[in-house]
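Have a look at the model first.

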Amino acid sequence: MKAPVSWIKEYVDVPEGVTTAELTRRLTMTGLKLEAIVSPGAAISGPLVIGRVLTKEPEPQKNGKVINWCTVDVGDANGTGDPQGIVCGAHNFEPGDLVVVVLPGAVLPGDFAIAARKTYGHVSAGMICSAEEIGLGEGSFNSGDGIIVLPADAGEPGQDVRPVLGLDEEVIEFEVNPDRAYGLSLRGIARDVLVSVEGASNFRDPAL
């Protein structure tokens, strides 16, 4: 059972200062077996931001491939406020769309360091990201076969995109034994939090 910490807190008020490690220690004492604490964005460092595509110019290549030479507004995240030039091989986006941009100096999962480099006749200063490239998994965030296109109200160019994608979330993974079947629901886990964590209060069902 995977339980995002923020989801647990929708069911029960957990006192400020209670860490995820303490929360899991208390839950383990009730009989839930901890498998892992996972943070989807833990393998990413450096600037990962919201960008707005300004231009998208298709450029056919000799090998038959078509790449897009794009300019992207990343706010002040690049230190200048100027549009960022990026080469992108995906086609499922248009000018005006909000996208996920990783800038030079960042490192993506797999120890993939991002730097400005010359490719297809342009200096590409960063990358417009797919879900797979930032470790969210195939098909995550409705990315289809291309890059992530964010909702129009996701935020402003240059803002850290981690909270938008849940990359700053901590997820507790439990092994649930047959005699603890209630642990297969967030309600059940939240009730154990209520009785095991000092100061926890106000159990509720956000669906009601």
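**Notes on the pockets and the fold**

1. The second largest pocket holds about 200 Å³ of space. A pocket here is an open set of points on a 1 Å grid over the protein atoms alone, where a 1.4 Å probe fits, with protein on both sides within 12 Å along at least five of seven lines. The volume is the space filled by probe spheres set on the points, joined across faces, edges and corners.

2. One caveat: this is a predicted model, with local features needing pLDDT of at least 70, side-chain atom pairs pLDDT 80 or more, and totals for chains, interfaces and linings using all residues. Numbering runs from 1 along each chain as its sequence is written, and side-chain values use heavy atoms, leaving out hydrogens and water.

3. Lining that second largest pocket (an atom within 4 Å of a point) are P4, W7, V38, P40, G135, L136, L165, G166, E169 and V171.

4. The largest pocket has about 370 Å³ and 21 lining residues, with V87, R117, S124, G126 and M127 nearest its centre. Two or more residues each come from β5 (84-88), β8 (112-113), β9 (117-119) and β11 (127-128); strands are DSSP E runs of at least two residues, numbered from the N terminus.

5. Overall, the chain has four helices (H or I runs, at least four residues) and 13 strands. Its C-alpha atoms fill a box of roughly 65 × 35 × 30 Å along the principal axes.

6. Of the 208 residues, 40% are buried, meaning under 20% relative accessible area with a 1.4 Å probe, protein chains only.

Methods: Buried < 20%, exposed > 50% of the residue type's maximum accessible area, 1.4 Å probe, protein only.
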